[in-house]
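Have the viewer open and try each task before reading on.

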Amino acid sequence: MARPAALAVCAAALLLAVAVGGAAAQGVGSVITRSVYASMLPNRDNSLCPARGFYTYDAFIAAANTFPGFGTTGSADDIKRELAAFFGQTSHETTGGTRGAADQFQWGYCFKEEISKATSPPYYGRGPIQLTGRSNYDLAGRAIGKDLVSNPDLVSTDAVVSFRTAMWFWMTAQGNKPSSHNVALRRWTPTAADTAAGRVPGYGVITNIINGGLECGMGRNDANVDRIGYYTRYCGMLGTATGGNLDCYTQRNFAS
């Protein structure tokens, strides 16, 4: 009589395992699997990288699960393009790559905080998006339920918090800037002011959102090239097209 009971227990355990496995494959994790993540960021745990051991796959997935629309919205190509854009931008922000090297675009997520710590201390750049400035720390903290104004170091010591600040910035429109999320999904319609400033839909305007004051409207520059290189690599890995308007060389920044 014990044998049927044991079989029933085994069957239940198998169904639970299948259910758990299916849940793990949902959302962002169905596109950015553990192996894909490792392939995209092969040097994130390199001994030369100050962030080694910090940007774990599990932390990325845990953070993504708190932003249900992130990397899960639109068609299969929309999803892949958004994730390629997110990783393209954040890889540049944290890069340890050498300009012109054969592996230049394989060194994303090497740093977790600004090297010089000279920008807006103590609210200097931290995390995948290099969150910077007291206002951003305040807004991001309120959004994710953490006091980042009193404890900005959480962004460089707690990997889930770190990823969540990057995703908050990505998903949130501020002032006259659209969200990077909507731009990546091709859901942004430029205003007349945007059109006059040369801001057009595409990956380039995401660069403008993130760091337009230093990189846009000044012709070809190494930072733009690096962001585009990472994005192009990730689009290729995920099997989607980059779309057009990849740079912001001739765009005026949003503050101008």
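**Exercise 1. Work out the handedness and geometry of the crossing of H4 and H7.**

Step 1: the crossing of H4 and H7 is right-handed, a term used when the near helix is turned clockwise from the far one by less than a right angle, with anticlockwise giving left-handed. Before going on, note that this is a predicted model, in which local features need pLDDT of at least 70, side-chain atom pairs count only at pLDDT 80 or more, and totals for chains, interfaces and linings use all residues. Residues are numbered from 1 along each chain as its sequence is written, and side-chain values use heavy atoms, without hydrogens and water.

Step 2: H4 packs against H7 (residues 159–171) at an angle of about 120°, and their axes are 12 Å apart. H4 is therefore oblique to H7. (Under 35 degrees counts as roughly parallel, over 145 as roughly antiparallel, 65 to 115 as roughly perpendicular, and the rest as oblique. Axes are lines fitted to C-alpha atoms, for helices over the stretch in contact, with angles from 0 to 180 degrees between N-to-C directions. Helices are DSSP runs of H or I with at least four residues, numbered from the N terminus.)

Step 3: Glu-82, Ala-85, Phe-86 and Gln-89 of H4 meet Ala-166, Met-167, Trp-170 and Met-171 of H7; contact means heavy atoms within 4.5 Å.

**Exercise 2. Find how H4 and H10 are oriented to each other.**

Step 1: the angle between H4 and H10 is about 25°, with axes 9 Å apart.

Step 2: H4 and H10 are therefore roughly parallel to each other.

Step 3: H4 passes H10 in a right-handed crossing. On the H4 side, the residues that meet H10 include His-92 and Glu-93; on the H10 side they include Ile-206 and Ile-210.

Notes: Helix = DSSP H or I, 4+ residues; strand = E, 2+ residues; numbered from the N terminus.
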